Amino acid sequence: MGLGIAVLVFLVATLVGLAFLLVVGVIYFELSNSEIPPGVAHPWRLRVLHCVLIGVSVLGKIVENLGVCSQVVFVRCFRDRWLVGKEGEDPKLFIKDLTFDNVPVRVYQPKSPSSGGRRGVVFLHGGGFVFGSINSYDSLCRYLSKESESVVVSVGYRLSPEYRYPIPFEDCLHATVHFLKMAADYGVDPASVILGGDSAGGNLTAAVCQSLVSRTDLPKLCAQVLIYPALQMVDLNLPSFQQNHSVPILYRERVAFYVLNYLHGDMSVMDEVLEGKHVPADMRLKFRKWLSPDNIPEEFRRRGFKPQVFTSHIDEVYEEVQKCFEPSFSPLLAEDSTVRCLPKAYILTCEFDVLRDDGLLYKKRLEDNGVQVTWYHVKDGFHGIVSFFNKGYLHFPAGKIAIDDIISFIKNA
């Protein structure tokens, strides 16, 4: 028996050691292939954050290979508990978990008295359509509610790969419509409802806003808040994609992975999408008026941008991904007749973010169509920085400043 236990301990120790070496090796490889340009806020904190996220992903793969659970489930559990899990009761808020039209939501209502109807904020979390949850955004939504004195509804839409497009979009649409109809029941002025979200949530925010412009049976949204949104899958070679292709925590290749995973999960066409071979010439010509790098201010094109020469498309790839050209998937491609009817917008972009130019191009589209835009640019920011506005040793002051600017916009919307 003693020998058996010794062998078991040896095997466990060996497996743990190999796992540790694997994690270290992958982290080293990732760091050697990442790039943190001069000017990024707190570069060593960003490196540590990047290491943590890589390590969790590798551990998730090990756990998956051991048959415990999938890598996605493991990473989701980590993010739910670390970024930052539910904090319990709050002396300043009433917090309830409910369902709006069968979609899970968490409602945050300030306890302080209000002389009239409050503002309402429907928040759609980010996470590449794969990660993110009500729990992982609990801290942020509490802060938004308390500081803006608004009723905040955090939407727990279904995620990929279990649920692909258009299901997450439809969940967000249904939850938003439900709240617009029932806003008064939560002490909210129906004419003062704001829809917002970050990253993938920014995509869903823009898409839901567009889908509501023709609804005459609902109160109109007061405003939209787009935090480094992902808005198109036509051109992944815009200046920001080239300049920030290896800047943590979102690489250019990961954008293609996330959007394809959201679309249908077939990664065999990733290289072709990155090269632009999924876009027919006539469609590229049509979209150029909205997506041309010339529409991006010169100051954002100076840092290592080379205009891309696109070759002919591949019919099979186009057929595989053609739904990505629908405005509910790529809101930047909506017609002007829809865009000009949108509510005023707040757009946040970060200099060192592959998605920076999606936000800049949408800003121009909105302004060209007479929609008021408040733009906030985080000059030393990277993708995801707002999520780390209060994360202890991994706190980024620029994220706190950005979230406070968003709150100022909400309070004055």
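In the unreviewed UniProt entry, Ser199, Asp353 and His383 are listed under "active site". Although these residues are spread over 185 residues of sequence, they cluster in space, the largest C-alpha distance being 10.7 Å; the model examined here is a predicted one.

The surroundings of two of these residues were examined in turn. Ser199 lies in the loop that falls between strand S5 (188-198) and helix H6 (200-212), and because its relative accessibility is 10%, under the 20% limit, Ser199 counts as buried. When neighbours within four places in sequence are left aside, the residues in contact with Ser199 are Gly126, Ile227, Tyr228, Pro229, Ala230, Leu355 and His383. His383, in turn, is found in the loop between strand S8 (373-382) and helix H14 (397-412), and with a relative accessible area of 8% His383 is likewise buried. Its contacts, again leaving aside neighbours within four places in sequence, include Asp353, which the UniProt entry also lists, together with Ser199, Tyr228, Ile249, Leu250, Phe352 and Leu355.

Charged pairs were considered next. Side chains of opposite charge can pair when their charged atoms come close, and a search of the whole structure finds 22 salt bridges. One of these links Arg356 with Asp357, with the closest N and O atoms 2.8 Å apart, and both Arg356 and Asp357 are buried. Another joins Asp294 to Arg288, where the closest N and O atoms are 3.8 Å apart; here Asp294 counts as exposed, at 53% relative accessibility, whereas Arg288, at 47%, counts as partly exposed.

A further salt bridge is formed by the side chains of Glu367 and Lys363, at 3.3 Å from N to O. Both residues belong to helix H13 (residues 356-368), in which Glu367 and Lys363 are four residues apart, or about one turn of the helix. Glu367 is partly exposed, having a relative accessible area of 36%, while Lys363 counts as buried because its relative accessibility is 17%, under the 20% limit. Beyond these pairs, a network of salt bridges links Asp90, Asp97, Arg106, Asp138, Arg142 and Lys146.

Note on methods:
Residues are numbered from 1 along each chain as its sequence is written. This is a predicted model: local features need pLDDT of at least 70, side-chain atom pairs count only at pLDDT 80 or more; totals for chains, interfaces and linings use all residues. Side-chain values use heavy atoms; hydrogens and water are left out. UniProt positions are given in the numbering used here, feature names are shortened, and annotations may be inferred rather than shown by experiment. Helices (H or I, at least four residues) and strands (E, at least two) are DSSP runs, numbered from the N terminus. Buried means under 20% relative accessible area, exposed over 50%, partly exposed in between (1.4 Å probe, protein chains only). Contact means heavy atoms within 4.5 Å. A salt bridge is a side-chain nitrogen of Lys or Arg within 4 Å of a carboxyl oxygen of Asp or Glu.
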